[in-house]
Amino acid sequence: MKFKPKKSLFHFIMNYIVMASLITAILAILFVPTNDGSSIILKGFVAILLLVASIYIGWVWWGAYYSIVDDILFISFGPHKIKVPISDIVSIKYTKGILASAAFSFEKYEITYGKLTTNVAMVSPKNKDTFISYLQRQNPDIHIND
């Protein structure tokens with residue numbers, strides 16, 4: 001089962017401001033005239049660097065999702081993938097905060113998991129009730145702090 005992340009208006013606006021700024025900078029670099037050859041190479045390098053940064057940010061933003069396959073929770077945000085065995089989940093706690101994570105909302109859930117070490121993953125599924133109930137069906141021992 002696949003779940004889309006909840007995205008707050010603040011995160012939406014900030015993402016598009018950053019993307020627009022990067023694209024504007026790329027266009028400015030490419031279309032501002034230069035007179036010597038060394039600055040053309042530097043402009044090309046900076047333009048490519050900014051293009052890679054904008055592709056990465058877009059990939060993280062549009063490529064974010066949470067999926068449950070068999071007994072594994074996959075948290076994907078762009079090139080970053082986290083595999084959480086559902087049997088290892090200890091607790092799920094509702095939290096508000098601005099910590100950077102795979103949650104594009106201030107309202108998110110902190111998933112604590114791990115058998116030998118304690119790990120934490122942040123998620124903000126759009127349909128949180130279905131998400132949590134699906135996890136609890138797989139592992140009824142999950143402690144929910146709502």
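Modeller: Let's start with Phe-12, which has a relative accessible area of 40%. Buried would need under 20% and exposed over 50%, so Phe-12 counts as partly exposed. Keep in mind that this is a predicted model.

Searching the whole structure turns up 8 aromatic pairs. In one of them, the ring centres of Phe-12 and Trp-61 are 6.4 Å apart and the planes meet at 55°, so this pair is called tilted. Phe-12 belongs to helix α1 and Trp-61 to helix α2 (residues 37-62), so the pair ties together parts of the chain that are 49 residues apart in sequence. Trp-61 comes out at 4% relative accessibility, which means it is buried. Both rings also belong to a cluster: ring pairs link Phe-12, Tyr-16, Trp-61, Trp-62 and Phe-104.

Helix α1 itself is worth a glance. It covers residues 9-31, and at 1.5 Å a residue its 23 residues should span 33 Å; the end C-alpha atoms are 33 Å apart, which agrees. Its buried residues include His-11, Asn-15, Met-19, Leu-22, Ile-26 and Ile-29. Why does that kind of spacing turn up in a helix? An α-helix has 3.6 residues a turn, so residues three or four places apart point the same way.

Lys-7 lies over the face of Trp-61, at 4.4 Å from the ring centre. Likewise, Lys-2 lies over the face of Tyr-65, 4.2 Å from the centre of that ring. Tyr-65 also touches Ser-76, whose other contacts include Gly-63, Ala-64 and Lys-81. Ser-76 is in strand β3, and at 2% relative accessibility it counts as buried.

Strand β3 is part of an open antiparallel sheet of 4 strands, in the order β1-β2-β3-β4. The edges are β1 (2-3) and β4 (80-85), each pairing on one side only. Strand β3 (residues 72-77) runs antiparallel to β4, and 6 bridges join them; Ile-75 stands opposite Ile-82 there.

Now back to Trp-61, buried at 4%, and on to another ring pair. Tyr-94 and Tyr-109 have ring centres 5.6 Å apart and planes at 70°, so this pair is edge-to-face. Tyr-94 is in strand β5 and Tyr-109 in strand β6, 15 residues apart, and the pair links distant parts of the chain. Are these two buried or partly exposed? Tyr-94 is partly exposed, at 27% relative accessibility, whereas Tyr-109 is buried, at 5%.

Those strands sit in another open sheet, with 4 strands in the order β7-β6-β5-β8 and mixed pairing. β7 (119-123) and β8 (143-145) are at the edges with a single partner strand each, so one side of each has no neighbour in the sheet. On average, neighbouring strands here are turned by 20° against each other, ignoring direction.

β5 (residues 89-96) and β6 (residues 107-113) pair antiparallel over 7 bridges, with Ser-91 partnering Thr-112 and Ile-89 partnering Tyr-113. β6 is mostly covered, with 6 of its 7 residues buried. On to β7: β6 pairs with that strand in the antiparallel sense too, over 5 bridges, and Tyr-109 has Val-123 as its bridge partner there. The hairpin of β6 and β7 has 5 residues between the strands, and Gly-114 takes a positive phi near 125° in it.

Terms used:
Residues numbered from 1 in each chain as written. Predicted model: local features only at pLDDT ≥ 70, side-chain atom pairs only at ≥ 80, totals over all residues. Heavy atoms only, no water. Pairing = 2+ DSSP bridges. Helix = DSSP H or I, 4+ residues; strand = E, 2+ residues; numbered from the N terminus. Axes fitted to C-alpha atoms, helices over the stretch in contact; angles between N-to-C directions. Buried < 20%, exposed > 50% of the residue type's maximum accessible area, 1.4 Å probe, protein only. Expected span 1.5 Å × (residues − 1). Contact = heavy atoms within 4.5 Å. Phe/Tyr/Trp six-rings, centres within 6.5 Å; stacked < 30°, edge-to-face > 60°. Lys NZ or Arg CZ within 6 Å of the ring centre and 35° of its normal.
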